[in-house]
Amino acid sequence: MSLTEKHCTPCQGGIDPMPRGEAERYLADIPGWELNEDATRISRHFKTKDFAEAQAVANRAGDVAEQEDHHPDIRFGYGWCEVEIHTHAIGGLHENDFIYAAKVNEAVGG
Ligand SMILES: C[C@H](O)[C@H](O)[C@H]1CNC2=NC(N)=NC(=O)C2=N1
């Protein structure tokens, strides 16, 4: 099943964050996203034509978060929007983060 067909599942913690090797394999399915240095987060930087488009990206990424009950940090400004996610409950990455990222790619495009 592809990531966009799955849904984020409630994560209460008590499990280990995903190891780097597994995160790197998931990354191949979410073009544009990168892994941070200690493999605890993934993020995507969107370039946009102006502020309004950056705000629209932030809104779409926010809508996906509410639909999936899985919430990123979002920053945006004139010409850019940055979406970063990890699973708070485990202090690192879970499949949910990659499901969220795939759905953002689907919603935003590019
Ligand atoms: C019960 C519900 O799934 C949790 O409170 C969710 C809400 N959104 C969340 N978002 C993120 N990014 N990490 C979490 O651990 C998290 N927990």
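**Ligand shell.** I began with the shell around the ligand, and I found that its residues divide into 4 nonpolar, 4 polar and 1 charged. I then noted the residues themselves, which are Pro-10, Cys-11, Asp-69, His-70, His-71, Ile-85, Thr-87, His-88 and Ala-89. I keep in mind throughout that this is a predicted model.

**Nonpolar core.** Next I looked up the largest nonpolar core, which has 25 residues, and I wrote down those with the most contacts inside it: Val-57, Ala-61, Cys-81, Tyr-100, Ala-101 and Val-104. I saw that helix H1 (20-27), strand S2 (42-47), helix H2 (51-68), strand S4 (80-85) and helix H3 (95-108) each supply at least two residues of this core, and that H3 gives the most, with 7 residues. I also followed Ala-61, which touches Pro-72, Ile-74, Val-83, Val-104 and Val-108 when residues up to four places away in sequence are not counted.

**Helix H3.** I turned to H3 and found that it is mostly covered, since 10 of its 14 residues are buried; among them are Phe-98, Ile-99, Tyr-100 and Val-104. I noted that the buried residues of H3 pack against H1, S2, H2 and S4. From its first C-alpha to its last, H3 reaches 20 Å, close to the 20 Å expected at 1.5 Å a residue. Just after H3, I found Gly-109 with a positive phi of about 80 degrees.

**Pro-31.** Last, I checked Pro-31, which lies in the loop between H1 and strand S1 (34-35). I recorded Pro-31 as exposed because it has 11 C-beta neighbours inside 10 Å, and exposed requires 12 or fewer. I also noted that the C-alpha atoms of Pro-31 and Arg-44 are separated by 9.0 Å, although these residues are 13 residues apart along the chain.

Methods
Residues numbered from 1 in each chain as written. Predicted model: local features only at pLDDT ≥ 70, side-chain atom pairs only at ≥ 80, totals over all residues. Core = buried A, V, L, I, M, F, W, Y, C linked by C-beta atoms within 7 Å. Buried ≥ 20, exposed ≤ 12 C-beta atoms within 10 Å, placed from the backbone. Helix = DSSP H or I, 4+ residues; strand = E, 2+ residues; numbered from the N terminus. Contact = placed C-beta atoms within 7 Å. Near = placed C-beta within 6 Å. Nonpolar A, V, L, I, M, F, W, Y, C, P; charged D, E, K, R; others polar. Expected span 1.5 Å × (residues − 1).
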